[in-house]
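Here is a short tour of a structure, taken chain by chain. Have a look at the coordinates first, and then read on.

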Amino acid sequence: MSLMPPNPDLLSVRGLRVDFRSGAGATQAVKGVSFDIQKGETLALVGESGSGKSVTALSILQLLPYPMAHHPAGSIRFRDTELLGAEEKTLRQVRGNRIAMIFQEPMTSLNPLHSIERQINETLFLHKRLSSSAARARTLELLRLVGLLDPEKRLTAYPHELSGGQRQRVMIAMALANEPDLLIADEPTTALDVTIQAQILALLKDLQSRFGMALLLITHDLGVVRKMADRVCVMNQGEIVEQAKVDDLFIRPRHAYTKKLLSAEPRGNPLSPPEDATEVMAADRLKVHFPIKKGLLRRTVGHIKAVDGVDVAVRRGHTVGVVGESGSGKTTLGLALLRLHASQGAIRFDGTDIQGWQPKRLRGLRREMQIVFQDPYGSLSPRLSVGQIIGEGLGIHGIGDSKEREAMVARALEEVGLPPEARNRYPHEFSGGQRQRIAIARALVLKPKFVVLDEPTSALDMSVQAQIVDLLRDIQARHNLAYLFISHDLRVVRALSSHVMVMKDGKVVEQGPTQRIFEEPREEYTRALLAAALNLEAVESPAVRT
Amino acid sequence: MTPLTRRRLANFKANRRGFWSFWIFLVLFVVSLGAEFIANDKPLLIRYEEQYYWPVFHTYPETTFGGEFETETDYRDAYVRDLINGKGWMVWPPIPYSYRTINYNLPVPAPAPPSADNWLGTDDQGRDVVARLIYGFRISVLFGLVLTAFSSVIGVAAGAVQGYFGGLTDLLFQRFIEIWQGLPTLFLLIILASVVTPTFWWLLGLLLLFSWTSLVHVVRAEFLRARNLDYVRAAKALGAGDVTIMVRHVLPNAMVATLTFMPFILNGSITTLTALDFLGFGLPPGSPSLGELLAQGKANLQAPWLGLTAFFVLAIMLSLLIFIGEAVRDAFDPRKTIAQMSTALPGEAAAATAARKEAAE
């Protein structure tokens, strides 16, 4: 070690390669990646899923599943210590102490059976060997630092009692416990609502300047990069294709992939169908209440009002965007409109009230109203072939004979941009974007009038999102479809919807034409949401949760 | 044949061990189905006075061949043999003993050790062990297959209904199954064995009463998990009925779990029958059965060929079935590509853990 030249950088990664052994062959996840991080600097690793950015981050702390993963070449030096292949003892002194890490999903990275105090104390005991009273004081200090309200009360709380944003704050407190020199943040805000995301990013930035720590930020979101990073490394298929200062990258991207990534934001404008088109789906004072039962006799003591008196109307060829944070009731609204969820209030489809119809009677209508779900991995039966999945509705409604059905399936696949041969394959052979196309084809093959799109783009990579949005708009124009577009991503909503409804706690806060809502929002909550989503600005407002 | 079936077949073949086990087992099973043509105390074909006789299919009185009695011909009798061989010929099966034929010409007291006449020796009543094995194998496998088929059908249906509808249906069913499983099966069988004479179908019915519960938990957990999945919602949105959803969307997911369990149920059924026979509460006395052979081996430790034979036949049969079961499971797994030959995929393990968690709740 002493023979090595002193390392001018805090962390330098040179020619790092990561292979995963699988069965006969090996997959090259990272193919020779080099970058440096200086003290106090923020470096962003950007790339789409599968680009190897998380694997790179995990190999810095040597947290990959060895020996399944291995490094054929490369070096990772933290100050003067070589971490690659270092002894477990050396690594333990670095992990959680000099280099700390926070993960994407704060629920699964906190131990559900330990109180908050115990989780944070653990790192203090391990690395600082503090006494328990000193540790308690330090934990309180940390919780205050990360902006958790009422830290004394929260000490005994368990992770499930906290909201997503609060959990991420606890994770950050744990990571900061030993004042690390480098914080690795692996998609720290992806699982959070936009307003919370803005708060967490602001917190990270503040803490970084206060402690002078370096930040390695792994993300797929270019908005986050622009807001946070000093320098950017763009990763694609295991390689860094471009490394630049953040301003240079956004103004003068050099590599073709970076250009593609930058232009991948959902673009275009919603169609402008006639304002007086016929109403396809409408609901008056729609309510979905879940009873809260308590006591020995399970008496109903109150209701959770998931959807609380919502009026909605979707016209032929129009798209109504429903935006709101998680828990605002937007998905429940979509399911209730399709009568997939029990509800109260009138639901008019094509002018007929279908509330209270028996499932049998409703079955005939099902082909005219369809739904596309958020998670393309969960919404396709894994054990049916693509052809069976798309053709199912045709079979149920007795449309055509088997030859005609096959032709219709092939046509639907072509319409969503997939080869007709895809029908003999299983869903798991397709990528996320392709699966979402299959899900759209399944809805489309029945020639519906009304489609609920429940966050159809949020599980997808940025460049794929833009393609799906374009596809949805094309299909709408071709078939004059009515969409109810549910999303938390305001950029996608703007590109597709002619009307927007902003929901909060089951109620509609504001609704109107898209342009009006985006340009002159009237409600405070809408303004906060727009600022957080489009500019990643945290707004101090009573309308926003923490 | 659709490409899907072709791929399933390819996956099945890719598991070499299971594939060969399947063929070995199939050959053994088909051969044992024709046990009457391999081990019998009647000739396969007789040519007597310019005429053909088929003793395996027809019963001929001794008088047909010039004997004295009106009763069925005892072809093993030296006198009758001479009568037939005098005016024609006979073709014997390779093993000239049926499962209940007693060899009275043993040079030593029964049980006799292996010899050219009795390839694996005789049991303590002078019956040929090979003949009894062939018949015993057949009855064990048939019993196991029928019991597995019936208990799978009932178990899958019960589990599916419980898991899919959940709520009160599930609660009541679960409590019933818990009570039902608490009943002491063996005692009931012993008591019933003293009331009725247990036959193949009686035993099957009695064991079925208790064996159907084994699959319920697995299938129920799988249905509980799947009924909240998006693709089930999507099917509802398409207008599919409950039965369609259960059969088309959820059942295929439960199938891998079911198929993984099936060879164990089959093995369990065979072992249960063997155990009952071993204890003497099984098939009627005189029936060829592996359990009875094991009991004889235990009673006659001086004749190790009895115990060893029964042990090896059971061990090989049960192992072959397990290997086949593994290959079947691979065949139905869509995530399995032919190149990957690891036995357990991480996804599968995770699914199994999730299923177990839900079953525990």
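In chain B of this predicted model, 67% of the contacts with a separation of 6 or more are between residues 24 or more positions apart. As for burial, chain B has 361 residues, and 39% of them are buried. The secondary structure of chain B consists of 14 helices and three strands.

Now to chain A and its domains. Two domains divide this chain: domain 1 covers 11–262, and domain 2 covers 279–535. Between the C-alpha centres of domain 1 of chain A and domain 2 of chain A the distance is 35 Å. Where the two touch, domain 1 of chain A brings 10 residues to the contact and domain 2 of chain A also brings 10 residues.

Which helices of chain A each supply at least two residues of the side of domain 1 that touches domain 2? They are α8 (194–211) and α11 (256–262) of chain A. The largest share of that side comes from α8(A), with four residues.

| Class, domain 1 side (chain A) | Residues |
|---|---|
| Nonpolar | three residues |
| Polar | four residues |

Methods
Residues are numbered from 1 along each chain as its sequence is written. Chains are lettered from A and ligands numbered from 1 in the order in which they are written. This is a predicted model: local features need pLDDT of at least 70, side-chain atom pairs count only at pLDDT 80 or more; totals for chains, interfaces and linings use all residues. Domain bounds come from an automatic or database domain assignment. Two residues are in contact if their C-beta atoms, placed from the backbone, lie within 7 Å. Ala, Val, Leu, Ile, Met, Phe, Trp, Tyr, Cys and Pro count as nonpolar, Asp, Glu, Lys and Arg as charged, and the others, Gly among them, as polar. A residue is buried if 20 or more other C-beta atoms lie within 10 Å of its own, exposed if 12 or fewer, and partly exposed in between; C-beta atoms are placed from the backbone.
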